[in-house]
Amino acid sequence: MVVVNLLKGSTALLRTCGGGGGGSGSTSFRCQIKQNRNWDFVKWKNRPLSQSPLRISLRSCKCTSAPIDSSSSSVIQETASSPAGAGDDVVDMLVMKDSANTLDMRVGVIVKAWRHEEADSLYVEEVDIGEPQPRIICSGLVKYVPLDHLQDRKVVVLVNLKPRNMRGVKSSGMLMAASDASHENVELLVPPEGSTPGERIWFGSAEEKENLPDAASPNQIQKKKIWELVQPHLKTDAYCVAALGGHVMRTSEGVVSCRSLRNANVS
């Protein structure tokens, strides 16, 4: 069994019961947990808990919303034996991250952009994502981004969507952007300096790059509704960094962000 007691500060006490490491006793250690007290943010010595020597998984855990002191009973317990869907509204962000990382997001560069001839709200862009030919993508950014700000701009492109016919233009992908709650302000996501066109973007730590799942096919994305599952949980944080829960969006050069929109929706 895994038990985590939230303390009044920013640390948590993690205790394994009944044989952590093969013994019959208990093993305790402190680990870091962020202010919002979501179990998915638990870290062991500033590393993901999965990298701890105890090989503990919190994939099946849930927690309460209020902090308690260390003398209280546990607020996080394994739920693997509980009936599935037993009224819990806890989102397993590790599972969500695995789904999000089947989205094929790439660093792109807009090599050409123009107004759509049949749709006043749309631009048409040619975007280099490291393929032999640029992709044609339509985006509804006319109200938010001046045309001359798109030329040669680095962007984040979701590429494994089924092509869509948008007023006579076949659009093969989506530019990802942040928007405020009223959708009056929209900013394109920006890959970090030094990112190269075609580089894959993922959620998680830098070390996770080598263990990413294969990207899903466009048919799988549509059939399993992966984008619809993940998108409501995509936000920018207080530093304008795009993230899925506590898992930041990144390339090998650093994190993906927008210019100024904090705690904004990402789509």
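How many disulfides does the structure hold? This predicted model holds zero.

## Cysteines

The sulfur of Cys 258 has its closest cysteine sulfur in Cys 240, at 4.6 Å. A disulfide needs two cysteine sulfur atoms within 2.5 Å, so this separation is too far for a bond.

Cys 258 has a relative accessibility of 6% and counts as buried. Cys 138 is also buried, with a relative accessible area of 7%.

## The chain as a whole

The chain has 267 residues, and 42% of them are buried. Its secondary structure consists of three helices and 22 strands.

Taking the contacts between residues at least 6 apart in sequence, 59% join residues at least 24 apart. The accessible surface of the chain is about 14,200 Å², and carbon and sulfur atoms account for 47% of that area.

Strand E11 covers residues 154–158. Is this strand largely enclosed or largely open? Four of its five residues are buried, so E11 is largely enclosed by the rest of the structure.

E11 pairs with strand E8, residues 105–115, in the antiparallel sense over five bridges. In this pairing, Val 157 of E11 stands opposite Arg 106. E11 also runs antiparallel to strand E14, residues 174–175, and two bridges join them. Here Leu 158 stands opposite Met 174 in E14.

Definitions and conventions: Residues numbered from 1 in each chain as written. Predicted model: local features only at pLDDT ≥ 70, side-chain atom pairs only at ≥ 80, totals over all residues. Heavy atoms only, no water. Buried < 20%, exposed > 50% of the residue type's maximum accessible area, 1.4 Å probe, protein only. Contact = heavy atoms within 4.5 Å. Areas by Shrake-Rupley, 256 points an atom, 1.4 Å probe, with all protein chains shown as cover. Pairing = 2+ DSSP bridges.
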